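Open your viewer and get ready to click. This tour goes from one selection to the next.

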Protein chains: 2
Amino acid sequence: VLTLYSYWRSSASYRVRIALKLKGCAYQYAPVHLVRDGGVQYSDSYRQLNPESRVPTLVSGSLHLTQSMAILEWLEETYPAPALLPKDAAGRARVRGLAQLFAADVQPLQNLGALKYLKDGLHVDAAGVRQWLQHWISRGLAAFEAHLAEAPAGRYCHGEELSFADVCLVPQCYAARRNGIEPGAYPHIARIEALLQQLPAFIEAAPDQQPDAER
Amino acid sequence: VLTLYSYWRSSASYRVRIALKLKGCAYQYAPVHLVRDGGVQYSDSYRQLNPESRVPTLVSGSLHLTQSMAILEWLEETYPAPALLPKDAAGRARVRGLAQLFAADVQPLQNLGALKYLKDGLHVDAAGVRQWLQHWISRGLAAFEAHLAEAPAGRYCHGEELSFADVCLVPQCYAARRNGIEPGAYPHIARIEALLQQLPAFIEAAPDQQPDAER
């Protein structure tokens, strides 16, 4: 039995939800409210599972797995079908590079913790925080678009098969829109995102479909 | 023939240098000066190799690989010995989680681009930038230490064998010291770093040993 500790709006949690759905893995959903009560992720009980006080955490028996990209790799090794990495090393490197572009170069700068520290720790005003967000998100989307443009056109981010790159793209587009950046401005991204948003796994993993979604 | 586009102080470049040395891969060193001339990484010629204008890039024939964690995985698949990931899926997930803790939760917040934007884009003063750096680095080291403390003690970050976690730890300690945080305050980290710093691969990959090092 798998249990996913997740927050509906967290893009790292959203990635793992998509991968679980694509692989057909049933899981229990354990909400971790990142804002309420000063952030449930900082509680002693959650820190036992995840010392970095981040979501997601995936629990499988006595294992507790942290870091969304490490969890995606574990899912790929443990539930190999359908594959979310290509078979060739060059393709795998490209897909992982695309995924890391968002996981390492955008998401850490846009997450709640970073924004809260800008505001409360450095006293950056709301306009400044928005400028910061838009800068890093636009920069990341433009670089991702450039990577997509340099490869032969495929159905998805890497050819005809779904991959970690697609799993990371949709949550990044969601975060972009929340922050006033329209991913539709990037033609390859826009085309692929529209396709992905029609797939059941992506629909079911969406933030507003989660038990802890707020309206 | 491998060519590594690197900047001596970049911790992402440093990770890849360590892995190349551990695996005994010869490579040509191509320096990319991140500061001079407004940043050589933004030049058109470098963007052809790396659309996100980041270091490192590893070039192997017609392949150009971006994102340090994707490059480490490619090296592991292409040059499997000595292994830098354990054989079991749970161990691999732990090692990747430890590596991502620095790659996704610390390095993006401490890199030159982020600091420059705080200063020039948001007009945060030098004391504020230092406070930001020390906050994220301390937070990351404390979380990494908590992960190390919860596992049975081993020689290195994950048992008796070197792994991606060790490859990422030493560059993070270097970045910590540069920014006034002493990793020696974290006992497991301090013990393991001292061991790693005696190994030839780590010595040869160190920033001050690179052709572009400035003194």
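The stops below cover the contact between the chains, then the cavities. Keep in mind that this is a predicted model.

**Stop 1: the interface.** Colour chain A and chain B separately. The contact takes 47 residues from chain A and 46 residues from chain B. Together the chains bury about 4,000 Å², with 59% of it on carbon and sulfur atoms.

**Stop 2: a salt bridge.** Select Arg92(B) and Glu77(A). Their side chains meet in a salt bridge, at 2.7 Å from N to O. The count between chain B and chain A is eight salt bridges. Polar contacts across this interface link 16 residue pairs, both residues at pLDDT 80 or more.

**Stop 3: the chain B side.** Which helix gives the most to the side of chain B that touches chain A? Select H4(B): it supplies 11 residues. By class, this side of chain B has 24 nonpolar, 13 polar and nine charged residues.

**Stop 4: the largest cavity.** There are three cavities of 30 Å³ or more. The largest has a volume of about 110 Å³. Select some of its lining residues, including Met69(A), Glu73(A), Phe164(A), Met69(B) and Arg96(B). Now show helices H3 and H4 in chain A and in chain B; each supplies at least two residues of this lining. The lining has six nonpolar, two polar and four charged residues.

**Stop 5: the second largest cavity.** Its volume is about 60 Å³. Of its 13 lining residues, Leu148(B), Pro152(B), Gly154(B), Tyr156(B) and Cys157(B) are the closest to the centre. Finish on helix H9 of chain B, residues 187-196, which gives the largest share of this lining, three residues.

Conventions: Residues numbered from 1 in each chain as written. Chains lettered and ligands numbered in written order. Predicted model: local features only at pLDDT ≥ 70, side-chain atom pairs only at ≥ 80, totals over all residues. Heavy atoms only, no water. 1 Å grid on protein atoms, 1.4 Å probe; cavity = no way out; pocket = protein on both sides within 12 Å on 5 of 7 lines; lining within 4 Å. Points joined across faces, edges and corners; volume = space filled by probe spheres on them. Helix = DSSP H or I, 4+ residues; strand = E, 2+ residues; numbered from the N terminus. Nonpolar A, V, L, I, M, F, W, Y, C, P; charged D, E, K, R; others polar. Contact = heavy atoms within 4.5 Å. Buried area = accessible area lost by both parts, 1.4 Å probe. Salt bridge = Lys/Arg side-chain N within 4 Å of Asp/Glu carboxyl O. Polar contact = N/O pair within 3.5 Å; in protein donor to acceptor, adjacent residues only side chain to side chain.
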